[in-house]
Amino acid sequence: MPRRPVIGITAYVEPAGWAVWRDVPAVLVPEAYVRAVAAAGGRAVVLPPDDTDADVLRALDGLLVAGGADVGPQRYGRPVDPRTESRPDRDAGELALLAAALDADLPVLGVCRGMQLLAVACGGTLHQHLPDLVGHDGHRPAPGVYGGHPVRFAAGSLAAAVMGPAGRVNSYHHQGVDDPGRLTVSGWADDGVVEALEDPARRFVLGVQWHPEVGGDPRPVTALVRAARGEPVVADAASDLWEPRPPAGDTRTTGR
């Protein structure tokens, strides 16, 4: 059996409960990320917040910066909006990992918050509350409810190579990219919200604003694993026909 590429997935420290234990600080990440990496032929390793160094990257073939809480606006020089909820420990540890991963040209995928942090790492800025900009809550319709909406991708881009020219995605966020910094915008929602970022100067650096690990279309995760293995990324010809859907056993609905 060929060696599986090792993909590091960034994680939270949050209160959690299991068996007789309640509200115990735990390092955690939704299992959907791990399943998506494994299904693509990779070996997932969970990375807790740690800004001491980025030496762990020496053991990795790729880095997946997972979704989660808002990026602290202090990281991009903006005052804090009262609706922003950040995790400074994640910001510090993940920015250290991203800086080292970009320097080493390690394949990187940023998901939702991960895409936003990727933009900040490359000198960009964020909108702290998208409904103020676009006039609706379609990207996060309600607590625990994913929003479904169309996306289009720039011809010839990495995002288009992964996803095809257009499609539908499932999102859950209230912040978004304003200035992409040194990155290239390669995907947009129908309301103009940035949905994909990439760095054409590196072999695989992709940020997606949606959650490919949830809903049955893990192609960005699969592309990361392929890049970590040194394989080409090829779009699925039926990508524009994909419809977002909750994972099996999930009763949440999609919005819009």
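How do the residues of the lining of the largest pocket divide into nonpolar, polar and charged? They comprise 11 nonpolar, 8 polar and 11 charged residues, where Ala, Val, Leu, Ile, Met, Phe, Trp, Tyr, Cys and Pro count as nonpolar, Asp, Glu, Lys and Arg as charged, and the others, Gly among them, as polar.

The model is predicted: local features need pLDDT of at least 70, side-chain atom pairs count only at pLDDT 80 or more, and totals for chains, interfaces and linings use all residues. Residues are numbered from 1 along each chain as its sequence is written, and side-chain values use heavy atoms, with hydrogens and water left out.

Select Y12, G67, G68, Y172 and H211 to begin; of the 30 residues lining the largest pocket, these lie nearest its centre. A pocket here is an open set of points on a 1 Å grid over the protein atoms alone, where a 1.4 Å probe fits, with protein on both sides within 12 Å along at least five of seven lines; lining residues have an atom within 4 Å of a point. The space in this pocket is about 670 Å³, a volume filled by probe spheres set on the points.

Next, select helix 1, which gives 4 residues, the largest share of the lining. Helices (H or I, at least four residues) and strands (E, at least two) are DSSP runs, numbered from the N terminus.

D23 is exposed, at 64% relative accessible area, whereas V27 is partly exposed at 45%; exposed means over 50%, buried under 20%, and partly exposed in between (1.4 Å probe, protein chains only).

Finally, select D105 in the loop between helix 2 (88-104) and strand 6 (108-111). The phi of D105 is likewise near 55°.
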